[in-house]
Amino acid sequence: QVQLVESGGGLVQAGDSLRLSCVASVRPFNSGTMGWFRQAPGKERTFVAEFYLSNSRTNYADSVKGRFTISRGSAENTVYLQMNSLKPEDTAVYYCAARLTDTVPYSIWGQGTQVTVSS
(Lines give C-alpha, C1' and ligand atoms only; values in the text may rest on other atoms or scores of the structure.)
Protein backbone atom coordinates (compact mmCIF):
# COMPACT_ATOMS: atom_id res chain seq x y z
CA GLN A 1 0.00 0.00 0.00
CA VAL A 2 1.28 3.45 -0.90
CA GLN A 3 2.17 5.68 2.02
CA LEU A 4 2.73 9.44 1.91
CA VAL A 5 5.00 11.44 4.19
CA GLU A 6 4.86 15.23 4.31
CA SER A 7 7.47 17.61 5.62
CA GLY A 8 8.37 21.28 5.50
CA GLY A 9 5.71 22.94 7.62
CA GLY A 10 6.49 25.55 10.22
CA LEU A 11 5.83 28.98 11.67
CA VAL A 12 6.45 31.94 9.38
CA GLN A 13 5.41 35.56 9.07
CA ALA A 14 3.02 36.98 6.53
CA GLY A 15 4.76 37.44 3.21
CA ASP A 16 7.26 34.65 3.81
CA SER A 17 7.64 31.44 1.81
CA LEU A 18 7.63 27.75 2.64
CA ARG A 19 8.08 24.61 0.59
CA LEU A 20 6.24 21.46 1.55
CA SER A 21 7.41 18.04 0.38
CA CYS A 22 5.49 14.82 -0.02
CA VAL A 23 7.25 11.53 -0.60
CA ALA A 24 5.38 8.43 -1.73
CA SER A 25 6.62 5.03 -0.60
CA VAL A 26 6.31 3.62 -4.12
CA ARG A 27 8.86 4.49 -6.81
CA PRO A 28 8.18 5.34 -9.54
CA PHE A 29 4.71 6.74 -8.96
CA ASN A 30 3.67 7.49 -12.51
CA SER A 31 -0.10 7.22 -12.68
CA GLY A 32 -2.95 9.12 -11.15
CA THR A 33 -2.72 12.39 -9.30
CA MET A 34 -0.94 13.79 -6.27
CA GLY A 35 -2.36 16.79 -4.51
CA TRP A 36 -2.41 19.00 -1.48
CA PHE A 37 -5.34 19.79 0.77
CA ARG A 38 -5.53 21.85 3.92
CA GLN A 39 -7.69 22.02 7.01
CA ALA A 40 -7.89 25.09 9.20
CA PRO A 41 -9.10 24.83 12.82
CA GLY A 42 -12.83 24.29 12.95
CA LYS A 43 -13.16 24.06 9.18
CA GLU A 44 -13.48 21.31 6.63
CA ARG A 45 -10.56 20.02 4.60
CA THR A 46 -10.31 21.88 1.30
CA PHE A 47 -8.48 21.42 -1.97
CA VAL A 48 -5.30 23.41 -2.57
CA ALA A 49 -3.53 22.05 -5.64
CA GLU A 50 -3.00 18.89 -7.67
CA PHE A 51 -0.50 17.49 -10.17
CA TYR A 52 -1.48 14.98 -12.85
CA LEU A 53 1.40 12.53 -13.07
CA SER A 54 0.69 11.40 -16.64
CA ASN A 55 0.87 14.83 -18.29
CA SER A 56 2.08 17.25 -15.59
CA ARG A 57 -1.16 19.22 -15.70
CA THR A 58 -1.90 21.23 -12.58
CA ASN A 59 -4.96 22.67 -10.86
CA TYR A 60 -5.16 25.23 -8.08
CA ALA A 61 -7.75 26.59 -5.72
CA ASP A 62 -8.59 30.19 -6.54
CA SER A 63 -7.35 31.29 -3.13
CA VAL A 64 -3.77 30.19 -3.88
CA LYS A 65 -3.43 30.85 -7.62
CA GLY A 66 -0.38 32.95 -8.36
CA ARG A 67 1.11 32.30 -4.93
CA PHE A 68 1.46 28.50 -4.67
CA THR A 69 3.13 26.16 -7.15
CA ILE A 70 2.88 22.39 -7.16
CA SER A 71 5.63 20.46 -8.88
CA ARG A 72 7.13 17.02 -9.14
CA GLY A 73 10.61 16.18 -8.00
CA SER A 74 13.25 14.43 -10.07
CA ALA A 75 12.85 11.34 -7.91
CA GLU A 76 9.37 10.88 -9.46
CA ASN A 77 7.83 9.88 -6.14
CA THR A 78 8.04 13.36 -4.63
CA VAL A 79 5.70 16.31 -5.02
CA TYR A 80 6.39 19.79 -3.72
CA LEU A 81 4.16 22.70 -2.82
CA GLN A 82 6.01 26.00 -3.01
CA MET A 83 4.07 28.59 -1.05
CA ASN A 84 4.95 32.24 -1.54
CA SER A 85 3.43 35.44 -0.17
CA LEU A 86 1.88 33.52 2.67
CA LYS A 87 -1.09 35.03 4.48
CA PRO A 88 -2.50 34.35 7.96
CA GLU A 89 -5.50 32.72 6.31
CA ASP A 90 -3.15 30.08 4.88
CA THR A 91 -2.69 28.75 8.40
CA ALA A 92 -3.78 25.11 8.41
CA VAL A 93 -2.67 21.52 8.53
CA TYR A 94 -1.59 20.63 5.01
CA TYR A 95 -2.17 17.10 3.78
CA CYS A 96 -0.64 15.35 0.82
CA ALA A 97 -3.00 13.04 -1.02
CA ALA A 98 -2.85 10.65 -3.93
CA ARG A 99 -5.18 8.73 -6.17
CA LEU A 100 -4.07 5.94 -8.46
CA THR A 101 -6.25 7.09 -11.36
CA ASP A 102 -7.54 10.51 -12.29
CA THR A 103 -11.20 9.56 -12.11
CA VAL A 104 -11.55 8.31 -8.53
CA PRO A 105 -11.58 10.25 -5.27
CA TYR A 106 -8.37 10.79 -3.37
CA SER A 107 -7.94 7.79 -1.11
CA ILE A 108 -4.34 7.89 0.10
CA TRP A 109 -3.46 10.52 2.69
CA GLY A 110 -0.41 11.63 4.59
CA GLN A 111 -0.36 12.50 8.26
CA GLY A 112 -0.32 16.26 7.66
CA THR A 113 2.11 19.06 8.40
CA GLN A 114 1.26 22.26 10.25
CA VAL A 115 1.72 25.62 8.57
CA THR A 116 1.22 28.69 10.74
CA VAL A 117 1.43 32.20 9.30
CA SER A 118 1.56 35.06 11.78
CA SER A 119 0.47 38.59 10.90
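Student: How many bridges join strand β7 to β8, and how do the two run?
Tutor: In this predicted model, five bridges connect β7 (residues 68–72) with β8, and the two strands run antiparallel. I70 stands opposite L81 of β8.

Student: What lies between β7 and β8?
Tutor: The two strands form a hairpin with five residues between them. In the turn, E76 has a positive phi of about 70 degrees.

Student: Which bridges join β3 to β8?
Tutor: Strand β3 (residues 18–24) is joined to β8 by six bridges, and this pair runs antiparallel. One of the pairings is S21 with Y80 in β8.

Student: Is β8 largely enclosed or exposed, then?
Tutor: Strand β8 covers residues 78–83, and five of its six residues are buried, so the rest of the structure largely encloses it.

Student: What does L81 touch?
Tutor: Leaving aside residues up to four places away in sequence, L81 touches L18, R19, L20, W36, V48, A49, F68, T69, I70 and Y94. L81 is also among the residues with the most contacts inside the largest nonpolar core, which has 29 residues; L4, M34, W36, M83 and Y94 are the others.

Student: Which strands supply at least two residues of this core?
Tutor: They are β3, β4 (33–39), β5 (46–52), β7, β8, β9 (92–99) and β11 (113–118).

Student: Changing topic, how many disulfides does the count come to?
Tutor: The count comes to one disulfide. It joins C22 to C96, with an S to S distance of 2.0 Å. C22 is in strand β3 and C96 in strand β9, 74 residues apart.

Student: Why do C22 and C96 count as buried?
Tutor: C22 counts as buried because its relative accessibility is 0%, and C96 because its value is 1%. Buried means under 20%.

Technical notes: Residues are numbered from 1 along each chain as its sequence is written. This is a predicted model: local features need pLDDT of at least 70, side-chain atom pairs count only at pLDDT 80 or more; totals for chains, interfaces and linings use all residues. Side-chain values use heavy atoms; hydrogens and water are left out. Buried means under 20% relative accessible area, exposed over 50%, partly exposed in between (1.4 Å probe, protein chains only). Helices (H or I, at least four residues) and strands (E, at least two) are DSSP runs, numbered from the N terminus. Two strands pair if DSSP finds at least two bridges between them. A nonpolar core is a set of buried Ala, Val, Leu, Ile, Met, Phe, Trp, Tyr and Cys residues joined through side-chain atoms within 4.5 Å. Contact means heavy atoms within 4.5 Å. A disulfide is a pair of cysteine sulfur atoms within 2.5 Å.
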